[in-house]
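Morning, everyone. Please have the sequence and the model open side by side. I'll be quick.

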Amino acid sequence: MPDITYQSGGWLAIQASDVTVTGPNFMNNLGEPGTQLTWSNSFAQGGTLDVTDTNGDGQLSAGVDPSAPGFTFSGYTVSANGLDFPIFTNASNTFFYIAVDDVSAFNNAVGSSGTSNVYQSTASGPNLYLCFAEGTAIATPGGEVAVETLAIGDSVVTAEGRSVAVKWIGRQTVMTRFGPAERLMPVRFAAGSLGGGLPNMDLTVTADHGMLVEGVICHAGALVNGETITRVPLEEMGEIYTVYHIETADHEIILANGAPAETFIDNVSRRVFDNYTEFEALYGDVPEMEELPYPRAMSVRQVPMAIAARLAPRRVG
């Protein structure tokens with residue numbers, strides 16, 4: 001039996017006649033990369049909608065995975081409040097349906113008209129970038145403080161010992177009920193796993209968060225070794241959890257649970273954060289940031305062999 005990966009609290013219905021499709025090779029309500037849906041009207045419907053992973057691959061697949069009988073995932077999603085919601089079609093292709101947790105809250109965020117994300121082959125959760133889990137201890141001039149208690153204007157300490165001001169704290173709510181699961185799993189560094197007693201206690205960050213290791217910014221997911229550096233099971237995180245990013249005026253290396261970790265760098269969008277409108281109101285359009293002059297390892301194969309060997313779990317016997 002397929003696993004139920006998501007149960008919505010309702011859905012928004014859109015008549016196909018109210019939908020315009022832009023992009024290449026759109027056919028039978030299933031798109032190709034680059035296509036989008038734009039609609040001019042939607043209406044709320046109650047009831048629940050079970051979204052299932054029919055082929056058991058851990059993710060929603062366009063044209064394969066259904067919700068209720070006769071409904072099929074179209075391959076499109078739409079963003080609201082930093083999350084992505086899947087769009088389905090019915091058997092006769094006369095309606096599109098957006099599965100949501102709370103119809104009224106979603107409709108307030110998106111309105112009765114909108115534009116989908118570009119076509120993708122799977123429904124994904126939010127993008128996760130450069131984020132710390134709640135409770136991460138960040139070094140400040142007055143001592144370590146939990147990341148979620150920091151505010152704009154507070155000072156943090158860099159790895160070089162300088163004091164720099166916090167420009168913005170981005171918050172992102174993560175819903176774990178959409179796959180692929182591995183993409184949503186944070187990475188946990190056990191105390192001492194980076195060497196030299198660092199981190200000084202277990203540290204949990206998102207998989208794309210960069211840790212400075214021997215002069216290389218290594219994404220956490222690229223350092224996973226299965227024992228001392230591991231992915232955190234989503235069951236442990238719960239259905240919803242929150243992560244935080246720290247932005248300073250420049251790209252910096254700060255200390256998180258004592259370990260050197262990067263601050264936000266805008267080679268990814270701030271729009272994925274729940275409170276992006278706060279940044280926009282404060283700063284508007286800003287120039288691109290200059291990244292620190294360290295090499296970056298974003299995948300396992302890019303991590304220098306010497307670093308991988310040093311961080312590998314030690315075998316006894």
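One definition to start: a residue is buried if its relative accessible area is under 20%, exposed if that area is over 50%, and partly exposed in between. Keep in mind that this is a predicted model.

Now use that cut-off. Is Trp168 buried or exposed? Its relative accessibility is 0%, so Trp168 counts as buried.

Next, aromatic pairs. How many does the structure hold? Six.

Take Phe43 and Phe95 as one of them. Their ring centres are 6.3 Å apart, with 90 degrees between the planes, and that makes the pair edge-to-face. Where do the two sit? Phe43 is in strand β5, residues 43-45, and Phe95 is in strand β9, residues 95-100. So this pair ties together parts that are 52 residues apart in sequence. Phe43 itself is partly exposed, because its relative accessible area is 35%.

Now back to Trp168. Its ring pairs with Phe273, again edge-to-face: 5.9 Å centre to centre and 85 degrees between the planes. Trp168 lies in strand β15, residues 163-175. Phe273 lies in the loop between β23, residues 259-262, and α4. Phe273 has 2% relative accessibility, so Phe273 counts as buried.

What sits over its ring? The charged end of Lys167 does, 4.8 Å from the ring centre.

Lys167 also leads us to Leu282. Counted along the sequence, Lys167 and Leu282 are 115 residues apart. In space, their C-alpha atoms are 9.9 Å apart. Leu282 belongs to helix α4, which covers residues 276-283. Is Leu282 buried, exposed or in between? At 48% relative accessibility, Leu282 is partly exposed, because 48% does not reach the cut-off for exposed, which is over 50%.

Last topic: cysteines. Cys131 has 0% relative accessibility, so Cys131 is buried. Cys218 is buried too, because its relative accessible area is 0%. How many disulfides are there? The count is zero.

Over the ring of Tyr283 sits the charged end of Lys167. Find those residues on your screens, please. Thanks.

Definitions and conventions:
Residues numbered from 1 in each chain as written. Predicted model: local features only at pLDDT ≥ 70, side-chain atom pairs only at ≥ 80, totals over all residues. Heavy atoms only, no water. Helix = DSSP H or I, 4+ residues; strand = E, 2+ residues; numbered from the N terminus. Buried < 20%, exposed > 50% of the residue type's maximum accessible area, 1.4 Å probe, protein only. Disulfide = S-S within 2.5 Å. Phe/Tyr/Trp six-rings, centres within 6.5 Å; stacked < 30°, edge-to-face > 60°. Lys NZ or Arg CZ within 6 Å of the ring centre and 35° of its normal.
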